[in-house]
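Open your viewer and switch to the cartoon view. We will take a short walk through this model, one selection at a time.

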Amino acid sequence: MRTKIRPASLGDIDSIVEIENSTNLMPWTKAQFISSMEVGHYSTVLEYDEAIIGFAIYSPVIPESHLLNIAIDPAYHRKGLGDKLLKHVILQNKVIGVKVITLEVRVSNLIAINLYEKNGFYKDAIRQNYYSGPEKEDALLMSLKI
Ligand SMILES: CC(C)(COP(=O)(O)OP(=O)(O)OC[C@H]1O[C@@H](n2cnc3c(N)ncnc32)[C@H](O)[C@@H]1OP(=O)(O)O)[C@@H](O)C(=O)NCCC(=O)NCCS
């Protein structure tokens, strides 16, 4: 098996930050990832040939769970790995008793929106100017009942 999905630990953070910096317009800092783990968010990594090439972070407050971040190293895009990781996250949430997963995504991020819709997420609402930075952008709120 070339891929493996496992819980993340502090030792994985440098690899996670590298992927984050190459995929997110407004990347989380290393300190934010550490604090996310410390406050008890669930962090998962996807390994390919034993190298970390993806991660996902979610925060379950049963019966809801908020998908906070998910990314795949650009060198491994379009190989079905984001889909695999998201399906794993959905299953893990189901196992712990989550009934609905919510998330926000940039309205321009059609690739991620496609991924979420492919996995059954619905478009619920738009939150205006949710993303700050040099150019503000609206967020699309999506959810999946599981
Ligand atoms: C979103 C992301 C995780 C998808 O990862 P990936 O491994 O390339 O995706 P997959 O190969 O598993 O593709 C799964 C689905 O995503 C969608 N998708 C992926 N790449 C796409 C592209 N270039 N164009 C359109 N849709 C695309 C499709 O629905 C695809 O299903 P299909 O292959 O049946 O068409 C990846 O693009 C990424 O890391 N993006 C940057 C981080 C990000 O935007 N995260 C979401 C924040 S809310």
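Two strands count as paired if DSSP finds at least two bridges between them. Helices (H or I, at least four residues) and strands (E, at least two) are DSSP runs, numbered from the N terminus. What you see is a predicted model, in which local features need pLDDT of at least 70, side-chain atom pairs count only at pLDDT 80 or more, and totals for chains, interfaces and linings use all residues. Residues are numbered from 1 along each chain as its sequence is written.

**First stop: a pair of strands.** Select residues 100–106, strand 5, and residues 137–145, strand 7: they run antiparallel and are joined by seven bridges. Now click on Leu103; opposite it, in strand 7, stands Met142.

Zoom out to find an open sheet of seven strands with mixed pairing, in the order 1-2-3-4-5-7-6. Strand 1 (3–7) and strand 6 (122–131) are at the edges; each has a single partner strand, so one side of each lacks a neighbour in the sheet.

Which residues come nearest to the ligand? Select His77, Gly82, Asp83, Asn114 and Leu115, which come nearest of the 18 residues around it (a residue is near if its C-beta atom, placed from the backbone, lies within 6 Å). Strand 4 (64–72), helix 3 (81–95) and helix 4 each supply at least two residues of this shell. Select helix 4, residues 110–118, to finish: helix 4 gives the most to the shell, with five residues.

Notes
Two residues are in contact if their C-beta atoms, placed from the backbone, lie within 7 Å. Axes are lines fitted to C-alpha atoms, for helices over the stretch in contact, and angles run from 0 to 180 degrees between N-to-C directions.
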